[in-house]
Amino acid sequence: MNQPTDFLYIAIILISIGIYGLVVKRNALRLIFSIELIANAVNLVIIAFSRMLPSPQGQVFVLFSIAISAAEVAVGLGIIIVAYRFYKDIDVTEYKNLKN
């Protein structure tokens, strides 16, 4: 379980689940969870490959990525809360009126 290919297999599974969640689900919270799953899978790949390098640049990059992802989730949840107050639903197909 310590080979880079093992981490790649897990990352591929996580990315697949995330893409499935993005394509099939219309719930706003599930969409955010799917995006986070994909972001964490990418972070896992970066960490797996950075283990082979002597410098910690990959790990530092992942730390910044995690911080940006946390900010993204905070903004996304804020948007969902505001949208829920207007529409009483978190289905993204109901948000068509946000265009105007």
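Predicted model: local features only at pLDDT ≥ 70, side-chain atom pairs only at ≥ 80, totals over all residues.
In which helix is Phe7 found? Phe7 is found in helix H1. Residues are numbered from 1 along each chain as its sequence is written, and side-chain values use heavy atoms, with hydrogens and water left out.

## The chain as a whole

The chain has 3 helices and 0 strands. Helices (H or I, at least four residues) and strands (E, at least two) are DSSP runs, numbered from the N terminus. Along the sequence the pattern reads α-α-α. The radius of gyration, taken over C-alpha atoms, is compared with a globule rule of 2.2 Å times the number of residues to the power 0.38. For this chain the radius of gyration is 17 Å, well over the 13 Å that the rule gives for 100 residues, so the chain is more spread out than a compact globule. The C-alpha trace spans about 50 × 25 × 20 Å along its principal axes.

Of the 100 residues in the chain, 23% are buried. Buried means under 20% relative accessible area, exposed means over 50%, and partly exposed lies in between (1.4 Å probe, protein chains only). Contact means heavy atoms within 4.5 Å. Among the contacts with a separation of 6 or more, 49% join residues 24 or more positions apart.

## How the helices pack

Two packed helices are described by the angle between their axes and the distance between the axes. Axes are lines fitted to C-alpha atoms, for helices over the stretch in contact, and angles run from 0 to 180 degrees between N-to-C directions. Angles under 35 degrees count as roughly parallel, over 145 as roughly antiparallel, 65 to 115 as roughly perpendicular and the rest as oblique.

Helix H1 (residues 4–24) packs against H2 at an angle of about 165 degrees, and their axes are 8 Å apart. H1 is therefore roughly antiparallel to H2. Their crossing is left-handed, a term for a near helix turned anticlockwise from the far one by less than a right angle (right-handed if clockwise). The contact includes Phe7, Leu14 and Gly21 from H1 and Leu31, Ala41 and Phe49 from H2. By class, this contact of H1 with H2 has 18 nonpolar, 3 polar and no charged residues. Here Ala, Val, Leu, Ile, Met, Phe, Trp, Tyr, Cys and Pro count as nonpolar, Asp, Glu, Lys and Arg as charged, and the others, Gly among them, as polar.

The axes of H2 and H3 come within 10 Å and cross at roughly 175 degrees. H2 and H3 are therefore roughly antiparallel to each other. Residues that meet here include Asn43 and Ser50 in H2, and Gly58, Val62 and Ser65 in H3. The contact of H2 with H3 divides into 13 nonpolar, 7 polar and 2 charged residues.

## Selected residues

The table lists relative accessibility for some residues.

| Residue | Relative accessibility | Class |
|---|---|---|
| Phe7 | 17% | buried |
| Asn43 | 6% | buried |
| Ser50 | 6% | buried |
| Arg51 | 47% | partly exposed |
| Gly58 | 16% | buried |
| Lys88 | 60% | exposed |

The contacts given next leave out residues up to four places away in sequence. Asn43 lies in helix H2 and touches Val62, Ser65 and Ile66. Ser50 is found in helix H2 (residues 28–50), where it touches Ser55, Gly58 and Gln59. Gly58, in helix H3, touches Ile46 and Ser50. Gly58 and Ile35 are 23 residues apart in sequence, and their C-alpha atoms are 21 Å apart in space.

Arg51 is found in the loop between H2 and helix H3 (57–87). Leaving aside neighbours within four places in sequence, Arg51 is in contact with Asn2 and Phe7. Arg51 and Pro4 are 47 residues apart in sequence and 8.7 Å apart in space, C-alpha to C-alpha. For Phe7 and Phe33, 26 residues apart along the chain, the C-alpha atoms are separated by 20 Å.

Lys88 lies in the segment after H3. Most residues other than glycine have a negative phi. Lys88 is not a glycine, yet it has a positive phi of about 55 degrees.
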